[in-house]
Amino acid sequence: MQDRTQAAQQEATGSNRSYWAISLRRFLGKKVGVACLSIIVVMYGAGIFAPLVTPYGFNDQNLDIAKQPPPWVEATVIEKTVVASGSLTADRTKITVDEAQLRMDKGQVEFVQGGQDGDIDLGDVLAVEVSPSGSWSHPFGTDRLGRDILTRIIYGLRTTVIITVITLVTGSLALGITLGLIAGYFGRLIDAVVMRVGELTTSFPEFFLVLIFVSALRDPIKEWVRGMEGVVGFGIVELGIADYLVLSAALAIFSWFGMARLVRGQVLQARENQYVEAAQAIGVPTPRILLRHVLPNVMGPIIVLVSAGLAGVAGSEVFFSFLGIGIQPPTPSLGLMIFENASISVLRSNPHLLLFPVGTLTVLLFTFNLLGDAVNDAFNPRAR
Amino acid sequence: MGAYIARRLAWLPVILLLVSFITFVLGRYGPGDPVEALMGQYHDPAVVERIREQRGLNDNVFVQYGRYVANVVQGDFGESFKFRGRGVSELLTKKMWVSAQLNIAALIISLTLGVSIGLFAALKQGTIWDTGAVALTLVGQSVPIFLTAPGLLLIFALKLDVGPFPLPTHGWGGFFDTRIILPAVAMGVPGIAIVARLTRSSTLDVLSQDYVRTARAKGLSEGTVRRRHILRNAMIPVVTTLGFSLATIAFTSFIVERFFGIPGVGDLLIESFFARDYPVINAVTLIGTTMFVLAMLLVDLIYPVMDPRIRLGGGSVAG
């Protein structure tokens, strides 16, 4: 409370403060915004430093502990009668001698009835552990190949980080801002061309364009990356770089227009200001006018648009990976993890396989959305 | 009005030709040669060459494209690479109909529930009902389909399957089967939220208008005022903004189909993608784009019906 009144006083008195200081202060005053930002920093940090955060590799398999649930789930134990042979899948109350012996060696059975000499005989009733209990060495459990799910989620977040950053930097920031600045400042033919092309790309459903783009260009780009491998000198194909490139290029191509339109509109306004005219009059070169005098006045709305676009890009990556168009196995992605386990039978038998990736995705998208709102309130000049 | 529709319709083939050309060229010259795929691992180059000549694959690309378009116009999208000897049209027709039914059901749910919730919240403005409805729509709008679908499955398949509401969670039985309810609701959640929010805000706008006060003042019954003066005017912004949002939601049917085991386009598309089955991918793209553009046109044409004040084509606005 103390802080808030102080901040309000400073905001009221400090009329000479810069736009950035005011915006930042307004943002830091919002608990929801700061909380969201911290969550995102933690998630992105975990993704970026994935090899340091987790002791496992995303592809480390251990079939002995496959489908292990999270630690707070108890082992499921069923009583079974030992029979010579029988269809185990049809009748869950029977177990063959061989299977019982195998489970005994692993320590997964206990005698309920019979077995006085410690040996397994026909007719004995055993308490058989049909699904293992969890352990804290795998907090989110393991998947069907015994890979640590938390590790795979963290590496999946790394994919999200890479895709969102590349897409927003190349698409929205580089392409969108440049084209918007040029179109708005020069007007006329350039403006018309940029705006018509942009309108054309947005009048189609993005999904189909990405589909076609990816299906046609994945293999050539993969070949190109393979060629680059000789230049770089180490195996970059295994890192899944080709997938990242293809998907973020596709998303960037169809996402620059919103930014370009916004920047163009802002530039049209800023161009009328006298300081721009003054700069022109004393002979400042055009690129310098654009970057030093026009762009800083447009930064607020740009930040708002970028933060609002984060959820969309992250969601698209998951959506396309789910459909098999985006990230390809074995590169981990939340979308792939959800796709592999998207069925009612998994929900029945091993819900943790599906629920942890889904939960992570939900938290990610919600925080992105809330962050976007908070940034909009703080940085959008119109929202004051 | 007529001229406007004519102009919009004239654009349609241009857009479609553009899309079909891009898809055709990328599909034709992209990876995976169709003839070699057909012949398998061991093939005689002479035979391959003969088949290419027979099927006209050595012709100029524009000639090939022209042939493709001529076939497509007659409803022939070629033959699937993956399912040998089966036409793409034959494969797609059934699955597209399934997906279309699912989308229609989701649309109906979005509209009916969304409009009711929005109206209800607006008419109870300021009460706890209003706050609750607004909070629900905020959550509904940003909850991903990846959570809604397994969430509904968890609730209805694992918790309520022996309870008072045993709703089936898997499979497909057509539009009038109970198995459509859960997937349609899962798809409809974001739509409900969007429609409810739009309806609420536009209803609040309308409520403060003079003509509503006049209508009440001249003694119309509250029901008539709501139906004829409030609802009709409040729906205009809803319809205008609706088209695009709902078209985007349509793509979630691919995800829902997977979760609920529905034999729609989604699974076929995923399979085709893995198999590089370009005829199928191209056909889905073309049909999808056509429907998308047509839906946008339809929405444009609905405005003047809903609001006689709107004149399309830049004519003067009368009173």
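**Entry 1: chain A, the overview**

I began with contacts in chain A: among those with a separation of 6 or more, 71% join residues 24 or more positions apart. Two residues are in contact here if their C-beta atoms, placed from the backbone, lie within 7 Å. I am looking at a predicted model, where local features need pLDDT of at least 70, side-chain atom pairs count only at pLDDT 80 or more, and totals for chains, interfaces and linings use all residues. Residues are numbered from 1 along each chain as its sequence is written, while chains are lettered from A and ligands numbered from 1 in the order in which they are written.

Next I looked up the elements and found 15 helices and four strands in chain A. Helices (H or I, at least four residues) and strands (E, at least two) are DSSP runs, numbered from the N terminus. I also checked burial: 39% of the 384 residues in chain A are buried. A residue is buried if 20 or more other C-beta atoms lie within 10 Å of its own, exposed if 12 or fewer, and partly exposed in between, with C-beta atoms placed from the backbone.

**Entry 2: chain B, the overview**

I ran through the list again for chain B, and got 13 helices and zero strands. Its pattern along the sequence reads α-α-α-α-α-α-α-α-α-α-α-α-α. Of its 319 residues, 31% count as buried. For contacts with a separation of 6 or more in chain B, residues 24 or more positions apart account for 73%.

Is α11(B) enclosed or open? I found eight of its eight residues buried, so α11(B) is largely enclosed by the rest of the structure. I noted those buried residues as Ser253(B), Phe254(B), Ile255(B), Val256(B), Glu257(B), Arg258(B), Phe259(B) and Phe260(B). Gly261(B) follows α11(B) and has a positive phi, near 60°.

Then I turned to α11 of chain A (residues 274-281): the number buried among its eight residues is zero, so α11(A) lies largely in the open. Just after α11(A), Gly283(A) has a positive phi of about 85°.

**Entry 3: where the chains meet**

I looked up the contacts between chains, and 34 residues of chain B are in contact with 27 residues of chain A. On the chain B side, α1 (2-29), α7 (145-159), α11 (253-260), α12 (265-274) and α13 (278-306) each supply at least two residues. α7(B) gives the most, with seven residues. By class, I have 24 nonpolar, nine polar and one charged on that side of chain B. For these classes, Ala, Val, Leu, Ile, Met, Phe, Trp, Tyr, Cys and Pro count as nonpolar, Asp, Glu, Lys and Arg as charged, and the others, Gly among them, as polar.

**Entry 4: nonpolar cores**

Which residues touch the most other members of the largest nonpolar core? Among its 140 residues, I found Val210(A), Leu247(A), Val263(A), Ile338(A), Ala149(B) and Ala186(B). A nonpolar core is a set of buried Ala, Val, Leu, Ile, Met, Phe, Trp, Tyr and Cys residues joined through C-beta atoms within 7 Å. Helix α15 (residues 351-379) of chain A provides the largest share of this core, 15 residues.

I followed up on Ala186(B): leaving aside neighbours within four places in sequence, Ala186(B) is in contact with Ile145(B), Thr148(B), Ala149(B), Leu152(B) and Val256(B). A second, separate core has seven residues, including Val109(A) and Ile120(A).

**Entry 5: helix pairs in chain A**

I checked α6 (residues 149-186) against α12 (residues 286-322), both of chain A: they pack at an angle of about 140°, with their axes 9 Å apart. Axes are lines fitted to C-alpha atoms, for helices over the stretch in contact, and angles run from 0 to 180 degrees between N-to-C directions. The residues of this contact divide into 13 nonpolar, six polar and one charged.

I then took α12(A) with α15(A), whose axes come within 8 Å and cross at roughly 170°. α12(A) and α15(A) are therefore roughly antiparallel to each other (an angle over 145 degrees). I counted classes in this contact too: 14 nonpolar, six polar and no charged residues.

**Entry 6: Asp243(A)**

I located Asp243(A) in helix α9 (residues 241-253) of chain A. Asp243(A) is buried, with 25 other C-beta atoms within 10 Å. Not counting residues up to four places away in sequence, Asp243(A) touches Ile327(A), Gln328(A) and Thr331(A).

Key:
Angles under 35 degrees count as roughly parallel, over 145 as roughly antiparallel, 65 to 115 as roughly perpendicular and the rest as oblique.
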